[in-house]
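Reader: I have a few questions about how the terms are applied here. Please set each value against its definition.

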Amino acid sequence: MNKMEDQRNFFIFSTADWDNPFWTNKQHTASRLAKRGHKVFYIESLGLRQPTLKAQDLSRILRRLKSFFKGARQVQENVWVYSPIVIPLHRYKFVRILNKVLLKGILLFYKRKFKLNDPIAWTYNPMVLELMESLSPSKKVYHSVDDLSASPGIDSQALKEEEAKLLKKMDVVFCTSKNLYNHCSKIAGKEKTHYFSNVVDYEHFSKAKTDLAQPKELKNIPHPRLGFVGALSSYKVDFDLIKQVADERPDWHWILIGKVGEGQPETTIEDLQHRPNIHLLGPKDYKDLPQYIKYFDVCTIPCPKNDYTDSMFPMKFYEFMATEKPIIAKNIDSLSDVTHAHFSYSKDSDFIEGVESILSKKSHDIIVWQELVKENTWETRLNKMFKVLQS
């Protein structure tokens, strides 16, 4: 534990399940708080998006039912994970009330059982204000990492209304992009709102600079290789760009690692599957990602321009930087301060020119990258957050 920190108890209301292969802010924050000696009770996603009858939604419901009946489970020292069962019809006020009443009792039970007194209630979900207050927290924290109202399948009006109520009651608000900061600070106030971009597990992703064996799946894929790691959903990834580049540069090979349809089950990839220079490898274990990225020639962040991406800071940006592989990314607002650390593109034709520049050995300044990455690790960010919490 940091010498300046007293041991604290945290209830973290997440929008991601603990076992998701691609860890985000939620799991990293919980895990690292625990490693610093704090106790963390992690509540998995309450299902902001109404589920469909697609196979992956049904499979997730079955997994959730199994986890629910097992109760809270300890996943590492100082971290307990709870999988709530809720009725995912958030557009109806009476359903939201019913869900909260049932969950309040369960959380209070675990608060007593694990002696999580005077907790800090920390949420990524903007629709849990009453649940947070029921815990009698010493502080209430909202960590805004995405514009959830712009996500597919979300009742955006209900979410915006609940978020506005929540922002007015928070003690501290953290935001991972300037657009999110501008939005939240108008409601919560600038004195309570703080901008900290997404950061990187440097020790993990810098392993790509070491002597790691090439995964068998990559050995028969020719160079140059354009790599992407993350959710393969159409609101997050520009599939049209990928198809166009694959057609215009048949000697360039795309390596796409991630789950298809994460957060958007209706996503289809048939057009990608039939192209010989697009290789869909599926999701990979978090611990194995550096081994794959090491053998990319170019790391890509080919996101489309929409309301969701306008407010996101891609976690993979600093993760890619830690590997010291060159990056090309869409010129979204959140990356405007780090244009010196990657190739930025606006039009599809700019993407091709940018990759050509990278492949022609126009190098990036490794020293600048190393300094920038060191400023943006989980430990440095948590230190800054604790200064805010203690002030």
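Reader: How many of the 391 residues count as buried, as a percentage?

Author: Of the 391 residues of the protein, 55% count as buried. Buried means under 20% relative accessible area, exposed means over 50%, and partly exposed is in between (1.4 Å probe, protein chains only). This is a predicted model, in which local features need pLDDT of at least 70, side-chain atom pairs count only at pLDDT 80 or more, and totals for chains, interfaces and linings use all residues. Residues are numbered from 1 along each chain as its sequence is written, and side-chain values use heavy atoms, with hydrogens and water left out.

Reader: What is the accessible surface of the protein, and which atoms does 51% belong to?

Author: The accessible surface comes to about 17,500 Å². Carbon and sulfur atoms hold 51% of that surface. The areas come from the Shrake-Rupley method with a 1.4 Å probe; for residues, only the protein chains shown count as cover.

Reader: What counts as a helix or a strand, and how many of each are there?

Author: Both are DSSP runs, numbered from the N terminus: helices are H or I with at least four residues, strands are E with at least two. By that rule the protein has 15 helices and 14 strands.

Reader: Which share of the contacts joins residues 24 or more positions apart?

Author: A contact means heavy atoms within 4.5 Å. Among contacts with a separation of 6 or more, 73% are between residues 24 or more positions apart.

Reader: Why is Ser 197 called buried, and which residues does Ser 197 touch?

Author: Its relative accessible area is 9%, so Ser 197 is buried. Ser 197 sits in the loop between strand 8 (193-195) and helix 7. Leaving aside residues up to four places away in sequence, Ser 197 touches Thr 176, Phe 313, Tyr 318, Asn 376 and Arg 381.

Reader: Arg 381 also belongs to helix 15. How does the span of helix 15 compare with the expected one?

Author: Helix 15 (residues 378-390) has 13 residues. The expected span is 1.5 Å times one less than the number of residues. From first C-alpha to last, helix 15 reaches 18 Å, close to the 18 Å expected. Its buried residues are Trp 378, Arg 381, Leu 382, Met 385, Phe 386, Val 388 and Leu 389.

Reader: What makes the Glu 217 and Lys 284 pair a salt bridge?

Author: The rule asks for a side-chain nitrogen of Lys or Arg within 4 Å of a carboxyl oxygen of Asp or Glu. The closest N and O atoms of Glu 217 and Lys 284 are 2.9 Å apart, and the pair forms a salt bridge. Glu 217 lies in the loop between helix 7 and strand 9, and Lys 284 in the loop between strand 11 (278-282) and helix 10 (289-293), so the pair ties together parts that are 67 residues apart in sequence. Glu 217 is partly exposed at 35% relative accessible area, whereas Lys 284 is buried at 14%.

Reader: How many salt bridges does this rule give, and which residues are linked in a network?

Author: The count comes to 17. Arg 32, Arg 36, Asp 201 and Glu 379 are linked in a network of salt bridges. Another salt bridge joins the side chains of Lys 305 and Asp 310 at 3.3 Å, N to O. Lys 305 is partly exposed, at 46% relative accessibility.

Reader: Why is Lys 287 called exposed, and which side chain does Lys 287 meet in a salt bridge?

Author: Lys 287 has a relative accessible area of 56%, so Lys 287 is exposed. The partner is Asp 288, at 3.2 Å, N to O. Asp 288 is partly exposed, with 24% relative accessible area. Lys 287 lies in the loop between strand 11 and helix 10.

Reader: What is said of phi in Asn 78 and Lys 115?

Author: Phi is near 75° in Asn 78, a positive value in a residue other than glycine. Phi is near 55° in Lys 115, again positive in a residue other than glycine. Asn 78 is buried at 16% relative accessible area, whereas Lys 115 is exposed at 62%.

Reader: What makes the bond between His 223 and Pro 224 a cis peptide bond?

Author: Omega is about 0° at the cis peptide bond that joins His 223 and Pro 224. Pro 224 is in the loop between helix 7 (202-205) and strand 9 (225-229).
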